[in-house]
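Here are some friendly exercises, each with a worked solution. Have a look at the sequence and the structure, then try each task before you read on.

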Amino acid sequence: MSDFSLILERLAATGKAESEHLTTLLSARGEHFAQLCAKAQEVRMRSVGSWVYLRGLIEMSNLCRKNCLYCGIRAANSSVTRYVLDAESILSAVTFAADNGFGSIALQAGERVGEVYTRRVTDLLQRISSSIKPQLGITLSLGEQPESVLREWKNSGATRYLLRIETSDPKLYRMLHPDNDLHSFSSRLDTLSNLRNLGYIVGTGVMIGLPGQSIEMLAQDLLWLQRQEVDMVGMGPYIPHMDTPLWHKRHEIPRAEERLRLSIAMVACLRLLMPTINIAATTALQVMQSDGRELAIRAGANVIMPNITPECRQNDYALYSHKPLAQENLLDALPHLQRQISLCGCEVQLHTPGDPLHFLNR
Ligand code: 5AD
Ligand code: SF4
């Protein structure tokens with residue numbers, strides 16, 4: 001057996017790897033890359049099966065108080081038309097998700113804080129919980145919030161929370177964010193640990209192909225995710241946005257095909273390291289290549305997050321360039337998505353929340 005096969009077999013058998021083994025796997029190309037994806041898919045089939053769960057993503061507002069250097073909706077970008085969806089529009093998107101058998105919804109927005117805002121989200125959560133079937137998982141992705149707020153939202157019906165760490169390397173994190181208290185690496189870590197202690201199903205993730213990011217850092221990201229024992233991971237390629245400070249470093253990053261390859265390799269390695277978590281095939285993959293999400297499904301991902309934000313607002317939630325809009329009519333698109341997923345040897349599982357086995361076993 002070649003060294004590569006040995007490393008792969010050992011990781012698949014034990015769920016453990018050294019950093020230098022991960023860098024070998026992350027560098028796989030051609031036949032080795034195919035072998036890595038196939039092994040991850042094998043582990044996925046025997047640990048979480050062939051199911052793929054749908055999460056309806058609702059982009060509630062693009063207002064944000066932060067200025068992450070890579071993000072298109074950062075506060076300082078004055079070319080964004082800002083919006084806040086009203087409760088009725090959000091509730092109708094939630095009903096759409098429930099009626100069409102989505103396992104969960106994810107309410108996402110830029111980061112805002114304050115009593116009025118907190119209360120508005122609490123009211124919304126209470127309305128959602130009282131009006132829909134209890135088996136619909138409610139996920140929040142609303143940035144860093146004080147522990148008391150996270151507790152209030154949990155008590156109002158939210159069960160899951162997504163907060164990406166973006167990179168587990170503190171120095172790289174600093175390079176990607178303004179140097180102030182609002183953008184502190186340690187606060188982000190603290191929020192993740194609060195979420196865990198409050199009993200949330202916790203999701204995080206990283207961006208792949210950032211300026212200044214080495215393959216060793218990505219291997220460290222994988223080991224960090226494993227140590228954190230997170231339940232869900234969403235990660236995808238970094239996509240430069242013209243109206244951001246990081247745009248001027250766009251020549252320092254790997255080409256699009258390489259960022260896609262690396263992202264899929266990250267998904268495969270993560271499935272081998274954490275067989276029972278939920279891993280999303282992210283929209284950013286679809287930007288790199290139209291079937292990017294399917295490549296991730298074939299490498300062990302088991303969640304897809306179709307955007308169900310009301311049509312008129314989707315243009316304004318551009319975290320990165322060339323973000324695809326939801327299909328004119330998602331209902332027409334769903335059978336197509338189901339077909340694509342079955343071509344990957346998997347099957348869309350409707351009407352179940354699809355809580356990560358990793359959380360249920362915890
Ligand atoms: N490219 C890729 N992903 C991005 N995000 C923000 N900006 C970009 C970008 N330019 C991701 C971050 C954030 C999530 C909501 O979107 O990981 O946490
Ligand atoms: Fe705001 Fe999130 Fe964008 Fe940072 S990545 S600017 S917190 S929306």
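**Exercise 1.** Find the place of Ser187, and work out how Ser187 is classed by accessibility.

*Solution.* Step 1: Ser187 sits in helix α8, where helices (H or I, at least four residues) and strands (E, at least two) are DSSP runs numbered from the N terminus. Step 2: its relative accessibility is 25%. Buried means under 20% relative accessible area, exposed over 50%, and partly exposed in between, with a 1.4 Å probe and protein chains only. Ser187 therefore counts as partly exposed. Step 3: leaving aside neighbours within four places in sequence, Ser187 is in contact (heavy atoms within 4.5 Å) with Glu144 and Asp181. Step 4: Gln145 is 42 residues from Ser187 along the chain, and their C-alpha atoms are separated by 9.7 Å.

A word on the source: this is a predicted model in which local features need pLDDT of at least 70 and side-chain atom pairs count only at pLDDT 80 or more, while totals for chains, interfaces and linings use all residues. Residues are numbered from 1 along each chain as its sequence is written, chains are lettered from A and ligands numbered from 1 in the order in which they are written, and side-chain values use heavy atoms, with hydrogens and water left out.

**Exercise 2.** Decide whether Arg188 is buried or exposed, and list what Arg188 touches.

*Solution.* Step 1: Arg188 also belongs to helix α8 (residues 185-197). Step 2: the relative accessible area of Arg188 is 8%, so Arg188 is buried. Step 3: not counting residues up to four places away in sequence, Arg188 touches Lys66, Glu144, Leu163, Arg164, Ile165, Glu166 and Tyr173.

**Exercise 3.** Name the residues that surround ligand 2, and sort them by class.

*Solution.* Step 1: look for residues near the ligand, with a heavy atom within 4 Å of it. Around ligand 2 these are Cys64, Lys66, Cys68, Tyr70, Cys71, Ile73, Arg74 and Gly110. Step 2: Ala, Val, Leu, Ile, Met, Phe, Trp, Tyr, Cys and Pro count as nonpolar, Asp, Glu, Lys and Arg as charged, and the others, Gly among them, as polar. The shell has five nonpolar, one polar and two charged residues.

**Exercise 4.** Which residues touch the most other members of the largest nonpolar core?

*Solution.* Step 1: a nonpolar core is a set of buried Ala, Val, Leu, Ile, Met, Phe, Trp, Tyr and Cys residues joined through side-chain atoms within 4.5 Å. Step 2: the largest one has 115 residues, and Leu22, Ile58, Leu107, Trp153 and Tyr200 touch the most other members. Step 3: helix α10 (residues 256-273) gives the most to this core, with 11 residues. Step 4: beyond four places in sequence, the contacts of Trp153 include Tyr117, Val121, Leu125 and Tyr200. In soluble globular proteins, nonpolar side chains tend to be buried together.

**Exercise 5.** Describe two residues that have a positive phi although they are not glycines: Glu229 and His351.

*Solution.* Step 1: Glu229 has a phi of about 55 degrees and lies in the loop between α9 (215-228) and β7 (232-237). At 39% relative accessibility, Glu229 is partly exposed. Step 2: His351 has a phi of about 60 degrees and is in the loop between β10 (347-348) and α14 (357-360). With a relative accessible area of 49%, His351 is partly exposed.
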